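Hi,

Here is the structure I said I'd pass along.

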Amino acid sequence: MPPSAESDPAMQTEISEDEIALYDRQIRLWGMQAQEKIRRANILLITLRALGSEISKNLVLAGISSLTILDPNPVSTADLGAGFFLSQATNAAEGLEGLEGKSRAEAAAPIVQKLNPRVKVRADSGPVREKDAAYFASFDVVIATDLGAADIAWINDATRAAGKKFYAAGCHGTHGFIFSDLVSHSYVIQRDSANVVTKPGPESATRAVVDVRTKKEGPRVVETVTKRETYSPFGKACLSAPLPAEFARSKRRLRAVSPVLSCLRALWSAPDLADPSSRAGMESFTRTVMGKHAELGLPPETLTPEVIRQFLQGVGAEIAPVAAILGGQLAQDVINVLGQTQQPIQNTVVFDGGVMEASVYALHSDLEGAGAEA
Amino acid sequence: MAVARDQYNQQTLGESLNDKLKKSRVLMVGAGGIGCELLKNLVLSGFLNVHIVDLDTIDLSNLNRQFLFRNEHIKKSKALVAKEVAQTFNPEAEVTAYHDNIKDERFGVSWFRQFDLVFNALDNLDARRHVNKMCLAADVPLIESGTTGFNGQVQVIKKGVTACYDCSPKETPKSFPVCTIRSTPSQSIHCIVWGKSYLLSEIFGVSEESSFDNTTNSENEGEIEELQREAAALRNIRNSIGTPEFPRLLFEKVFHTDVERLRSMAEMWKSRTPPESLKYDEVLSRASDALASKDSLLRDGQKVWSLEESLVVFQDSLDRLSRRILKMKEAKAETDPDPVITFDKDDEDTLDFVAASANIRSTVFGIDRKSRFDIKQMAGNIIPAIATTNAIVAGLCILQAFKVMKGEYDQAKEVFLTPFAPARLLATDRSRAPNPKCPVCSTYQTSAFVDLSRATLNDLVEDFVRLELGYGDKEFTVNSEAGLLYDVDETENLPKKLSDLANLQG
């Protein structure tokens, strides 16, 4: 086989037959090449609560190279409700007192490590704001969970500066979100050729086809299409961007937009949320949400008081099924992005567990250099 | 008040649902891919009384996704290990584990009735159908889920309210026409099925012709007769197992003589490329390099073997299997049936033999050869499975469970994962209504308590069905899993005791 640009001679420890046997059922899905890329990935996970536990479980099982868990906070009783690794750590230490002086990262890392001895699992208890550019540059992907908008934006700026891929996600009761900034991401899709040949050029505002090759495989004609997605940072996406142009043109589409998007945006813009269980807190939050809803151009009737009440009830709370769904989707996207053979999320997922919907919106305020308008 | 462990559940779900979950009793069938994730979610969500049933033991290839299991658990019971680990997630949870088959008679309808909710976390049609039937009979809501690769789905099944598992027909495993397998293969899978279900079983097992579609019609009648003669001749070669001549005899028979006979049938190759027969000594004479690298060849499952390399593996695996069966014959008692070796994807000897034979046959018919890794998947019907899909599906099962526990069946939807769709990651559909023609849930169901050792079929027919259920003089039939027990013309079973007739259930 000719050497590929991907291969890094320093990392050329061959994937062993034992590893192939262990990862058998997933290699059959995404192939050997993707597994080799996953196997070289170094990932930083910031905050280990329920969502972080799900993500770390999924990535460590998949066989990445290393996972660094950064979380300076101590383990609290409420963390044990849905945070199963912290619960196990507490058990092993015979109660929370046994974890005295340990951060969530330190408590969880040894438990996470046991899932897969082939992955290097490290704990970091330093505050994230003290990390410098070189720190972020040492990872392939950075994932920040359960943080406020200011922290998310700060970390995202750092990963942008280092040219690294970034994800943020959060759980609020039955609601949640995933955001991704992959800067610029190329991937290759193999498929049977349709009657119309795929041509290089823009496919959407963010996606462009950069290369097409066709090959005959017996009776089938297979095309290998290289695509590139362009992304925006959190501040220019989640905090301020309008919905994509095709939404504004359709009343039906606007009506179908999840009002949870307005609620999330209100939460991001009002970090010092007054006690939401108080009347004043509820009223002030409602005003902010209504403002965001109007700003997005959404019809007022989709934002009912019940939607706002439900959302507020869950703010800051994590429950296992929502963490499992969001953590599963996020980790799957990370794995696909590492393998570079699938269409990744572009760029914001709004999850509403009440109606079991996970809608994806491409939020960009001013895209530079992408495919431009399709 | 001190912060409680379940503060967030309380906050999100509300006190009344949170309390209801804690007092409920639920059953989870299957502790594998979905099961591990689901059990974690159950105990963390406040389902404190969970029963789990799984017959399976833990295998290395489970560990990439069944996160409750680790290397040291290999070969242990999935149900028992899952219970031990999941209980550490929530000390209040009480998990009861059964290392047993859910079809066992101790899990009868009355046993199912004790549960508020049942979860299927299974990987096969048969067990799913069984639990579906039991839940309908016991009138317990069922949450049914499944995954393959990136895809997954969840549905709620409630008797009389939503469609049941059998309301829509399910795909059954594919069988191939016998002539495609034996005479005119055109794809790798045809050669693999030939190696597994024909060649391996004719030499080391019992004929497995049932996996072929043996339908005869005027066109292929003659050919099928010919094929049966051919198989009989092959069985004769079995007598030379263990002799030095055996590999050559077998090779010459199936890759030369039989192929030459096929080639001679000009009709068959009018629109197809005719096969090219092989000579054992000729291939072997080119195989010295392959022979020298035999060990590395056998280790590397990813490599696509050449014809010569396939021959080397053919010889080697044939030798291993021959020695095995001779040993088995030696060990057997006079009265024991003849030993057999059947295909198992995790039995390397059988896999090597099938892979090598399939590749040699592919060469004969001008079909691309495959790696052992790929052949294992096709021969063993391996379905790709990953942690994330299972995690997402198991999360959805719990959201559905919340609706069911609140009695909000109108809000329980069918949910599908839609991987790589640009606008949404999940698609939902309103639960379908029961299919009035469904053979499973459209029928009237009832249960009766009888002493099987005393009651006769006549008691059931006359006293229960005709009198109690009011069938009177109407005509009806009584069936069991074994078949027909009673109808108007079939009355000889009437005096028999129910315990002697069958395993009557449901």
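Below is what turned up, starting with the interface and moving on to the cavities. One thing to keep in mind throughout: this is a predicted model.

**The interface**

Chain B and chain A bury about 5,400 Å² between them, and carbon and sulfur atoms give 63% of that. On the chain B side, Arg5(B), Tyr8(B) and Leu425(B) stand out: they supply 13% of the area that chain B buries against chain A, more than any other three residues. Counting residues in the contact, there are 62 from chain B and 62 from chain A.

As for specific interactions, the rule picks up 20 residue pairs in polar contact across the interface, with both residues at pLDDT 80 or more. It also finds two salt bridges between chain B and chain A. One of them pairs Glu37(B) with Lys57(A), whose closest N and O atoms are 2.6 Å apart.

Which parts of chain B supply at least two residues each to the side that touches chain A? The helices are H1 (7-13), H3 (33-45), H16 (372-380) and H17 (387-405), and strands S9 (413-417) and S10 (426-430) do it too. H17(B) has the largest share, with eleven residues. Sorted by class, that side of chain B has 30 nonpolar, 20 polar and twelve charged residues.

**The cavities**

Searching the whole structure gives five cavities of 30 Å³ or more. The two below are the ones I'd start with.

The largest cavity has a volume of about 90 Å³. It is lined by 13 residues, and the closest to its centre are Asp6(B), Asn9(B), Leu44(B), Asn90(B) and Glu92(B). H3(B), one of the helices on the side that touches chain A, also gives the most to this lining, with three residues. The lining splits into four nonpolar, five polar and four charged residues.

Next comes the second largest cavity, with a volume of about 50 Å³. Its lining is made up of Arg182(B), Trp194(B), Tyr198(B), Glu230(B), Val254(B), Asp258(B), Leu262(B) and Arg361(B). Helices H8 (188-204) and H10 (246-263) of chain B each supply at least two of the lining residues, and H10(B) gives the most, with three. By class, this lining has four nonpolar, no polar and four charged residues.

That's everything from my side for now.

Cheers

Key
Residues are numbered from 1 along each chain as its sequence is written. Chains are lettered from A and ligands numbered from 1 in the order in which they are written. This is a predicted model: local features need pLDDT of at least 70, side-chain atom pairs count only at pLDDT 80 or more; totals for chains, interfaces and linings use all residues. Side-chain values use heavy atoms; hydrogens and water are left out. Contact means heavy atoms within 4.5 Å. Buried area is the accessible area (1.4 Å probe) that two parts lose on being put together, summed over both. A salt bridge is a side-chain nitrogen of Lys or Arg within 4 Å of a carboxyl oxygen of Asp or Glu. A polar contact is a pair of N or O atoms within 3.5 Å; within protein, one must be able to donate a hydrogen and the other to accept it, and residues adjacent in sequence count only if both atoms are side-chain atoms. Helices (H or I, at least four residues) and strands (E, at least two) are DSSP runs, numbered from the N terminus. Ala, Val, Leu, Ile, Met, Phe, Trp, Tyr, Cys and Pro count as nonpolar, Asp, Glu, Lys and Arg as charged, and the others, Gly among them, as polar. On a 1 Å grid over the protein atoms alone, a cavity is a set of points where a 1.4 Å probe fits but cannot get out, and a pocket is an open set with protein on both sides within 12 Å along at least five of seven lines; lining residues have an atom within 4 Å of a point. Grid points are joined across faces, edges and corners, and a volume is the space filled by probe spheres set on the points.
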